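Visitor: I am new to reading structures. Could you take me through one, feature by feature?

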Amino acid sequence: MNAFTPESRMNLRDIIRTIPDYPKPGIMFRDITTLLGDARGFRRAVDELVQPFAGMKIDKIAGIEARGFILGGAVAHQLSAGFVPLRKKGKLPHKTRVVEYALEYGTDSMEMHLDAVHPGERVMLVDDLIATGGTALAAVDLLRGAGAEIVAACFVVDLPELGGAAKLKAAGVPVSTLVDFAGH
Ligand code: AMP
């Protein structure tokens, strides 16, 4: 049984700030810094992310730069798992595996250290928000390319109208999210 009530999810939604038209017109930016700055909210978000996986064997948490580092680090601590940073190009000092992925305009790339994940390791992916799913699918490619088994991808916020969670599920990745917002 889920120990968390619908009210706890309402609270999380209430402490996420929305900035209209950032970084460009038409985008409703869901700013989780207000949640992170709220001691009870941050703790509750991490507890809710962890709760479905308590007691499962998870070797590593992979966090997507940058907000996925904050949440993923806390989740890794709670699950006694290692932490793997998935970074923007050119930031990691050792040998890396790179994946390019499409953005609305142009492309971006994401890197992981070659020795960060070993074949057969059970990995959970963490980021603050899933929108179109392009970023998370790139992370899944990187991790699967290293032989990881992706146990789940977890996000505080889902924007279901953008279809990212559905795409991840179609790619065989179980998805867990805490709050939904309508629109972009
Ligand atoms: P996507 O690849 O479209 O799923 O976008 C997900 C990434 O972009 C995440 O790392 C989010 O932090 C960021 N992002 C996309 N849309 C928003 C939004 N409306 N508010 C806040 N962050 C967003």
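Guide: Start with the labels. Helices and strands are DSSP runs, numbered from the N terminus, with H for helices and E for strands. Keep in mind that this model is predicted.

Visitor: How many residues line the largest pocket, and which lie nearest its centre?

Guide: The lining has 37 residues. Nearest the centre are Arg67, Leu103, Leu129, Ala131 and Thr135.

Visitor: Which element gives the most to the lining of the largest pocket?

Guide: That is E7, with 4 residues.

Visitor: What classes of residue make up the lining?

Guide: Count them by class: 20 are nonpolar, 7 are polar and 10 are charged.

Visitor: Now the ligand. Where does it sit?

Guide: The ligand takes up the space of the largest pocket. E2, E7 and H5 each give two or more residues to the shell around it. E7 gives the most to this shell, with 4 residues.

Visitor: How many residues surround the ligand, and which are the closest?

Guide: The shell holds 15 residues. Arg67, Asp128, Thr132, Gly133 and Thr135 are the closest. By class, the shell has 7 nonpolar, 4 polar and 4 charged residues.

Visitor: What should I look for in a polar contact?

Guide: Look for a pair of N or O atoms within 3.5 Å. Take Thr135: a polar atom of its side chain is 2.5 Å from a ligand oxygen. Gly133 uses a backbone N or O atom, 2.7 Å from an oxygen of the ligand. For Asp128, a side-chain N or O atom is 2.8 Å from a ligand oxygen.

Visitor: How much of the ligand does the protein bury?

Guide: Alone, the ligand exposes 490 Å². The protein buries 82% of that.

Visitor: Last, the backbone. Which peptide bonds are cis?

Guide: Check omega. Pro23 is in the loop between strand E1 (17-20) and E2. Another cis bond, also with omega near 0°, joins Glu65 to Ala66. Ala66 is in the loop between strand E3 (60-64) and H4.

Visitor: What is the phi of Asp21?

Guide: Asp21 is not a glycine, yet its phi is positive, about 60°. Find Asp21 in the loop between E1 and E2.

Methods
Residues numbered from 1 in each chain as written. Predicted model: local features only at pLDDT ≥ 70, side-chain atom pairs only at ≥ 80, totals over all residues. Heavy atoms only, no water. 1 Å grid on protein atoms, 1.4 Å probe; cavity = no way out; pocket = protein on both sides within 12 Å on 5 of 7 lines; lining within 4 Å. Nonpolar A, V, L, I, M, F, W, Y, C, P; charged D, E, K, R; others polar. Near = heavy atom within 4 Å. Polar contact = N/O pair within 3.5 Å; in protein donor to acceptor, adjacent residues only side chain to side chain. Areas by Shrake-Rupley, 256 points an atom, 1.4 Å probe, with all protein chains shown as cover. Sits in = over half its atoms within 2 Å of the grid points.
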